[in-house]
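Open the model in your viewer and keep a selection tool ready. Each stop below says what to select and what is there.

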Amino acid sequence: MDSFRRLIPFFLPYRRRMALSIFFGLVVAALWACNLTAVFPVLQTLVDRKPIHDYVAQTVKETEDEIAHRQENMAEIEARFAELNQQQLDLHDSKYVELLERQVETEFKLNYANRKLLMLRRVQLNILPWVPRDVFQAFAVILVVLLVAEIIKGIFTYYQEVLIGSVIQRVLMAIRGQCLEKVLALDYQSLARDGTSGLMSRFTYDTEQVAQGIMLIGTRVVREPLKCMACFALAMWVNWRLSLLSVIALPLLALFLNWYGHILKRASRRVMDSMSRIYKVLEETLDGLKIVISFGAAQRHHDQFRRENDRFYAKAMRVVRIDAFAKPTMEVLGLLAMFLAMLPGAYLVMQQKTDIWGIRLTNDVMSASGLFLLYALLLGMLDPVRKMSATFSRMKRCAAALDRIFELVDREPAIREPENPAALPRLATSVEFRNISFQYLARHEADARVPALNGVNLTVRAGEVVALVGPNGCGKSTLVSMLPRLYEPTQGQVLFDGVPIQSARFADLRNQLGLVTQDTTLFDDTIAENIRYGKPDATQAEVEDAARRAHVTQFAAAMPLGLETPVGERGKELSGGQRQRIALARAIVRNPAVLIL
C-alpha cells in the first residue's frame with residue numbers, strides 16, 4: 001500500500017475530477033441496487049397476479065392491525081408496571097426486569113411498524129398513482145422503468161470512466177516525467193549498471209501495468225464496493241439478521257486475499273524483471289545489427305531471444321495460474337456467504353416461522369417474494385465480488401510495477417554535487433590526474449573486477465595536445481571519463497588549475513569540456529541542430545564556423561538542404577565519417593577549454 005499512497009500527490013491536482021467520478025460511482029451503485037429491488041414487484045405481478053395497489057393496501061391493513069395490537073400490548077405492560085409499583089418491588093426483582101425487557105421489545109416492534117406504515121403511505125401517495133392497476137400494464141411499466149434506469153446507469157458509468165481515464169493519463173505523464181527527470185539527474189556510473197533495457201522496461205511495460213491498475217482502482221475499486229454496499233444496505237433493510245449471516249465468511253475471504261496478494265506481487269515482480277531481460281536482448285540485437293548480419297549470427301540472437309521468452313512464459317504462467325486459482329476461490333467464498341443467509345431464510349419461509357432454535361431471525365413471517373428480494377440483493381453483492389477478484393490481481397501487478405518505478409525515483413546518485421561548491425574559472429594552467437585508481441562496480445560481490453586504473457599520474461598543460469596510447473582495455477576511455485565526472489575515481493583526484501573537480505558544480509566543469517566519443521551519437525534532427533546541441537544559444541554564424549572547422553560543410557554543401565538536412569534516427573542516413581565530423585563540430589561550437597576525442 002505504500003506505493004499506492006505515494007500516488008496521492010500525483011492525483012491531488014485532479015481531486016475535483018476524482019470527487020465527481022466517485023459521485024458518479026455512487027449513482028451507479030444506487031441504480032444497481034434499486035434495479036435489483038424490482039424483483040419484488042415483478043414477482044407480485046407475475047406470481048400473485050394481482051395489482052401492486054391491492055398488495056400495498058393489504059400490507060397497510062396488516063400493519064395498522066399490528067400497530068393496534070402492539071399498542072394494546074404496551075397498555076397491558078403499563079398496567080402491569082402500575083401493579084408492580086403498588087407492590088413496591090425492588091427494581092432488580094426478576095418480575096420487574098422481565099417486564100422491562102418486554103416493554104423494550106414491544107416498543108422496538110411498534111416503532112418498526114410505524115416506520116413501515118409511514119413508508120407504505122408515502123408509496124401510496126407518491127408512487128402508486130403512476131402505476132396502472134392492470135397487471136400486464138404494471139409489468140410493462142416496471143420494465144420501462146428498469147430500462148430507463150439502466151440507460152441512466154450506463155451514462156454515468158461512461159462519464160465516470162472518461163473522467164478517470166483523463167486523470168490516469170495525466171498521472172502517467174507526471175510519473176514518466178518524474179522518472180525521466182530522475183534518470184537525467186543520476187550519474188552515468190549508476191545508470192550504466194542497469195543498462196538501457198532496464199530503464200526502458202520501467203518507462204513502457206511497468207507504466208502499462210500501472211495504467212491498467214489505476215484504471216481499475218478509479219472505476220471498479222470505487223464502483224464495485226459501492227454497488228456491494230448499496231445491495232447490502234437494502235438487504236439489511238429487508239432483513240438485517242439474515243443479512244448479517246452472510247458476512248460470517250468475510251474473515252476467510254480476508255485471509256485468502258492476504259495470502260494471494262503476497263504471492264501474486266512476488267510473481268508479478270519476477271515477470272517484470274524477465275521483461276527487462278527481453279528488452280536487453282532486443283536492444284543488443286538491434287543496436288548491433290551490422291555485426292549480427294556481417295557475422296551471420298542471426299540464429300544465435302534468435303536462440304537467446306527464445307530462451308528469454310521461455311523464461312518470461314514460465315513466470316507469466318505462474319501469474320496466470322495464481323490468478324486462475326483465485327477467481328473461482330473468491331466466487332466460492334462469495335457463494336458461501338450468500339448460502340449462509342439463503343438456507344435459514346428458505347427454512348423460515350417454508351416452515352412459516354420467525355425463529356430457528358429459539359433465535360429470532362425475522363420480525364414477521366417472510367413471504368416468498370420478500371425472500372427472493374433478499375436473495376436478489378445478495379446475488380447483487382456477489383457480482384461485484386466476482387469483478388473485484390479480477391481487479392485485485394491487477395492491483396497487485398500494479399503495486400509491483402510501482403515498486404520498481406519508485407525504486408528508480410528514490411535512487412540516490414553515486415556522484416553528487418558538493419553542498420558548498422568551489423569556484424572553477426576557465427582553465428588557465430593545467431589538468432592533473434593525481435594517483436587515480438578505479439574499479440568498475442559489479443552487480444554481485446563474486447563478480448568483482450580487477451582495477452581498470454591503478455595509481456595513474458598525468459599532467460596536461462593548457463594548450464598541449466596529449467594522446468593516450470595503449471592496447472584495448474588498458475583504461476584510456478575510463479581515464480578521460482573522469483574529466484566530465486561520468487565516473488568517480490576509487491582513489492585519487494582530478495584537478496583543474498589545482499582545484500579538485502569534485503568540489504565544483506557540474507555545470508562549471510562540463511561547460512569547459514567538449515567531448516567526441518568513440519561511438520558517435522546523433523539525434524533525429526538536422527545537421528545544424530545537432531551541432532547547436534553543444535551550445536543551445538549558438539548563433540547561425542557560430543554553427544557555420546564550427547561546421548567549417550570540422551569539415552562538415554564539405555559534404556553538407558552537396559546536400560539539397562545543406563546544414564538543414566535531417567540526419568535520421570541516430571544519424572543513420574549519414575556515413576560513419578560524416579557523423580564523426582558533426583560530433584566534432586558539436587564539440588567545437590562550445591569553444592571548450594578541454595577537448596576530449
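Select V162 to begin; V162 sits in helix α7. Helices here are DSSP runs of H or I with at least four residues, strands are runs of E with at least two, and both are numbered from the N terminus. The model is predicted, so read it with these limits: local features need pLDDT of at least 70, side-chain atom pairs count only at pLDDT 80 or more, and totals for chains, interfaces and linings use all residues. Residues are numbered from 1 along each chain as its sequence is written, and side-chain values use heavy atoms, with hydrogens and water left out.

V162 is partly exposed, at a relative accessible area of 42%. In these terms, buried is under 20% relative accessible area, exposed is over 50%, and partly exposed is in between (1.4 Å probe, protein chains only). A patch takes residues with over 30% relative accessible area and no salt bridge; like charges are joined within 9 Å, and nonpolar side chains (Val, Leu, Ile, Met, Phe, Trp, Tyr) within 5 Å. The areas come from the Shrake-Rupley method with a 1.4 Å probe, and for residues only the protein chains shown count as cover.

**Salt bridges**

Stay in helix α7, residues 135–185, and select K153 and E150, which lie three residues apart, about one turn of the helix. Their side chains meet in a salt bridge of 3.1 Å, N to O. A salt bridge is a side-chain nitrogen of Lys or Arg within 4 Å of a carboxyl oxygen of Asp or Glu. Is K153 buried or exposed? K153 counts as buried, at 11% relative accessibility, while E150 is partly exposed at 40%.

How many salt bridges does a search of the whole structure find? The search finds 16. Next select D410 and R6, whose side chains form a salt bridge of 2.5 Å, N to O. This pair links distant parts of the chain, 404 residues apart: D410 is in helix α14 (residues 368–410), and R6 is in the loop between α1 (2–5) and α2 (8–11). D410 is partly exposed at 40% relative accessibility, and R6 is partly exposed at 32%.

Go on to R485 and E488, where the side chains meet in a salt bridge of 2.6 Å, N to O. R485 counts as buried, with a relative accessibility of 2%. Then select D545, R548 and R549, which are linked in a network of salt bridges.

**The open sheet**

Select residues 430–438, strand β3, which joins the antiparallel strand β4 through six bridges. Two strands count as paired if DSSP finds at least two bridges between them. F438 stands opposite L453 of β4, and E432 has T459 as its bridge partner in β4. β3 also pairs with strand β5 (residues 491–496), again antiparallel, over five bridges; here S437 is partnered by Q491.

Show the whole sheet: four strands in the order β4-β3-β5-β6, open, with antiparallel pairing. Which strands stand at the edges? They are β4 (453–461) and β6 (499–500); each has a single partner strand, so one side of each is left without a neighbour in the sheet.

**The charged patches**

Select R266, R270, R318 and R321, which form a positive surface patch. Lys and Arg count as positive and Asp and Glu as negative, with His and the chain ends not counted; the place of a charge is NZ of Lys, CZ of Arg, CG of Asp or CD of Glu. Helices α11 (250–287) and α13 (298–351) each supply at least two residues of this patch. R270 lies in α11 and is partly exposed, at 39% relative accessible area.

Finally, select D524, D525, E564, E569 and E573, a surface patch of negative charge. D524 is in the loop between β7 (513–515) and α17 (527–532), and is exposed at 57% relative accessible area. E564 is in the loop between α19 (553–556) and α20 (576–588), and is partly exposed at 40%.
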